Amino acid sequence: MKIKNQIPNNQLITHMKPHKILTLACVVGLSLMPGSARAVLYSWTGAASGDWNNASNWDANVIPVDSVLGGNLELASSTDDRIEFNALGSSNPIPTSNIPALGGAAGGTRDHVTPQFDLLHGSISFSAVGNSNQGLVANTSQSWTNTVGDGNTANGSASLTYLGGFTQGIIRDDQGQMIWNVNADGTLVFDSGSATTLIIQRNASRTPVFNLNGGAMVSLDAIDLYNDSFPGAGNSFIDFQAAGSRFTADFGADFVDLASVQAAIDNSVFFTSTTSQSMGVTDNSDGTFTVLAVPEPSTTALLGLGGLALILRRRK
């Protein structure tokens, strides 16, 4: 278990000037005040086995603590805790047994939220119960962010899968954003289970954002951009930030054919690029489509010229 921003203990103050002693006392006093709890990073090591419930597999022998004992795994929003999987080189780089379902309580002050992850290596699937299978839960006090992959394809790959109902959208609560950053070696997967569509957004104030930095996002169902039970329009998006970024989903719901997907690309509806990547869509001939960020034609031409120049030099 790693604690962020921890003040070193037992600092010697014998030779400090009075005003520095006073300053230190104020800092320590503030750190001990109620509500000043520090964020906890639960870090998987896999030192003993693939068992989630074996404390020896976690840094400092501390298993992620369920903030509502006896239920699905939820973490306290007040401390913005998160879970990290970065055990490259371990014989157990990822948990394989006793993996908990992910919870989240949407009522009241949303003190008990769906866990955030930094999955840098390995592949893992979670049953995402969230708030009664309605969607995942965050809190506006958090910068609720997940990372999939470390960006180094030479280290292997990372894959994070959410298996859930998402009957009211990926985010059930609160009024804010949930962000997933997917690097070049990462894949983010959503599976709505028995549902035939994945509802992306519950209403205008609950926005999931997917930043694809060369990585992949997959929906095993058709895409419904917005829960039609609520007024307004969806404003969630996938940001194709680098060439090679890709999104795959079933045809149906809001994207029934290639023309509807292309129209969304042309109008920056759901598919966008803050780095001006060109995007194309392909029918995979199996009931799915893929949107892919490709290099600009000018970039491709330059790469071709560079390769030609290298060949010519070698022939001399």
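Helices (H or I, at least four residues) and strands (E, at least two) are DSSP runs, numbered from the N terminus. By that rule, Ser 194 falls in the loop between S14 and strand S15 (197–201). This is a predicted model, in which local features need pLDDT of at least 70 and side-chain atom pairs count only at pLDDT 80 or more, while totals for chains, interfaces and linings use all residues. Residues are numbered from 1 along each chain as its sequence is written, and side-chain values use heavy atoms, with hydrogens and water left out.

**Overall make-up**

- The chain contains three helices and 22 strands.
- Of its 316 residues, 44% are buried, where buried means under 20% relative accessible area, exposed over 50%, and partly exposed in between (1.4 Å probe, protein chains only).
- Contact means heavy atoms within 4.5 Å; among contacts between residues at least 6 apart in sequence, 77% join residues at least 24 apart.

**Nonpolar core**

- A nonpolar core is a set of buried Ala, Val, Leu, Ile, Met, Phe, Trp, Tyr and Cys residues joined through side-chain atoms within 4.5 Å.
- The largest such core has 54 residues, and the members that touch the most others are Phe 85, Tyr 162, Ile 170, Trp 180, Phe 190, Phe 247 and Phe 271.
- Beyond its neighbours within four places in sequence, Ile 170 is in contact with Gly 135, Leu 136, Trp 180, Phe 190, Leu 198, Ile 199, Ile 200, Pro 208 and Phe 210.

**Strand S11 and its partners**

- Strand S11 (residues 158–163) is largely enclosed by the rest of the structure, because five of its six residues are buried.
- Two strands pair if DSSP finds at least two bridges between them. Strand S8 (residues 122–130) runs parallel to S11 and is joined to it by six bridges, with Ser 127 having Leu 163 of S11 as its bridge partner.
- S11 also pairs in the parallel sense with strand S14 (residues 186–191), over six bridges; here Ala 158 has Gly 186 of S14 as its bridge partner.
- Ser 159 lies in S11 and is buried, with a relative accessible area of 18%.
- Leaving aside neighbours within four places in sequence, Ser 159 is in contact with Leu 119, Gly 122, Ser 123, Ile 124, Val 148, Thr 187 and Val 189.

**Strand S16 and its partners**

- Seven of the eight residues of strand S16 (residues 206–213) are buried, leaving the strand mostly covered.
- Strand S13 (residues 176–183) pairs with S16 in the parallel sense over eight bridges, and Asn 183 stands opposite Asn 213 in S16.
- S16 is joined to strand S18 (residues 237–240) by four bridges, and these two strands run parallel. Val 209 stands opposite Phe 237 in S18.

- Ser 194 is exposed, with a relative accessible area of 80%.
- From Ser 194 to Gly 164 the C-alpha to C-alpha distance is 9.0 Å, and the two are 30 residues apart in sequence.

**Salt bridge**

- One salt bridge is present in the structure, a salt bridge being a side-chain nitrogen of Lys or Arg within 4 Å of a carboxyl oxygen of Asp or Glu.
- Arg 82 forms a salt bridge with Asp 118, with the closest N and O atoms 2.9 Å apart.
- This pair links distant parts of the chain, 36 residues apart: Arg 82 is in strand S4 (residues 82–85) and Asp 118 in strand S7 (residues 117–119).
- Both ends count as buried: Arg 82 at 9% relative accessibility and Asp 118 at 14%.

**Aromatic pairs**

- There are 22 aromatic pairs in the structure. Rings of Phe, Tyr and Trp (its six-membered ring) pair if their centres lie within 6.5 Å; planes under 30 degrees apart count as stacked, over 60 as edge-to-face and the rest as tilted.
- Trp 52 and Phe 85 form a tilted pair, 6.1 Å centre to centre with 55° between the planes.
- Trp 52 lies in the loop between strand S2 (40–44) and strand S3 (75–76) and Phe 85 in strand S4, so the pair ties together parts 33 residues apart in sequence.
- Trp 52 counts as buried at 3% relative accessibility, and Phe 85 at 0%.
- Trp 52 also forms an edge-to-face pair with Phe 126, 6.0 Å centre to centre with 85° between the planes.
- Because Phe 126 is in strand S8 and Trp 52 in the loop between S2 and S3, this second pair ties together parts 74 residues apart in sequence.
- One aromatic cluster is formed by Phe 240, Phe 247, Phe 251, Phe 255, Phe 270, Phe 271 and Phe 289.
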